[in-house]
Amino acid sequence: MQIDPLTQANATTIANDWHYPGAYAFYDMTADPEDYAELLSAQQRGDRYYQVVTATGHLFGFFVIDSTEEAGVVEVGLGMVPAHTGRGQGEKFVREVLSFVRERNAPREIILDVAAFNQRAQIVYQRLGFRVVREHSQATNGAVFPFVEMRWRAADH
């Protein structure tokens, strides 16, 4: 897999064409107008968004790296092409993303904020060394939903 800055063409594809089945439609970019607008705006994306492309040149996923108020701590948001979710490919994808984040940012900790219902993702993240540190409510998609904050600590690895 190759990681590069997210192109406008791929941002548009993710925003408009990626639709997840069932409860996972929660992650459709069109479900949250603010996330949708940020993804489509090169200015708002800045240099924080990346694409993950297969060796055959197909878009596989994307991620964003956000700094936090905590020194040495970054938050990562990510998404995979809907057709690849639930097929055992998440761990390899997340491993690639985390390797890139660790090399580029050398963080002391990495945060993933996961919708509480998404047990599938939480299991993958736990396999990669993330631990649940708190549950909280978060406003998104026009309402407030339960989320789980998971953290990976460099000191533990």
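How exposed is E70, in terms of relative accessibility? E70 counts as partly exposed, at 35% relative accessibility, where buried means under 20% relative accessible area, exposed over 50% and partly exposed in between, with a 1.4 Å probe and protein chains only.

This is a predicted model, in which local features need pLDDT of at least 70 and side-chain atom pairs count only at pLDDT 80 or more, while totals for chains, interfaces and linings use all residues. Residues are numbered from 1 along each chain as its sequence is written, and side-chain values use heavy atoms, with hydrogens and water left out.

**Salt bridges**

A salt bridge is taken here as a side-chain nitrogen of Lys or Arg within 4 Å of a carboxyl oxygen of Asp or Glu, and by this rule the count comes to 10 salt bridges. Three of them are listed below.

| Pair | N to O distance |
|---|---|
| E70 and R151 | 2.7 Å |
| R127 and E91 | 3.5 Å |
| R151 and E149 | 2.6 Å |

The salt bridge between E70 and R151 has its closest N and O atoms 2.7 Å apart; this pair links distant parts of the chain, with E70 in the loop between β3 (59-67) and β4 (73-80) and R151 in strand β7 (residues 143-153), 81 residues apart, where helices (H or I, at least four residues) and strands (E, at least two) are DSSP runs numbered from the N terminus. R151 is buried, with a relative accessible area of 10%, and E149, its partner in another salt bridge, is buried as well. E70, R151 and E149 belong to a network of salt bridges that also includes R108, E109, R134 and R153.

R127 and E91 form a salt bridge too; R127 lies in helix α5 (residues 119-127) and E91 in helix α4 (residues 90-105), so the pair ties together parts that are 36 residues apart in sequence. R127 is exposed, at 55% relative accessible area, whereas E91 is partly exposed, at 22%.

**Aromatic rings**

Rings of Phe, Tyr and Trp (its six-membered ring) pair if their centres lie within 6.5 Å, with planes under 30 degrees apart counted as stacked, over 60 as edge-to-face and the rest as tilted; the structure holds 12 such aromatic pairs. In one of them, F26 and F117 are edge-to-face, 5.7 Å centre to centre with 85° between the planes. F26 is buried, at 15% relative accessible area, and F117 is partly exposed, at 35% relative accessibility. Both F26 and F117 belong to a cluster of ring pairs that also includes Y24, Y27, F145 and F147.
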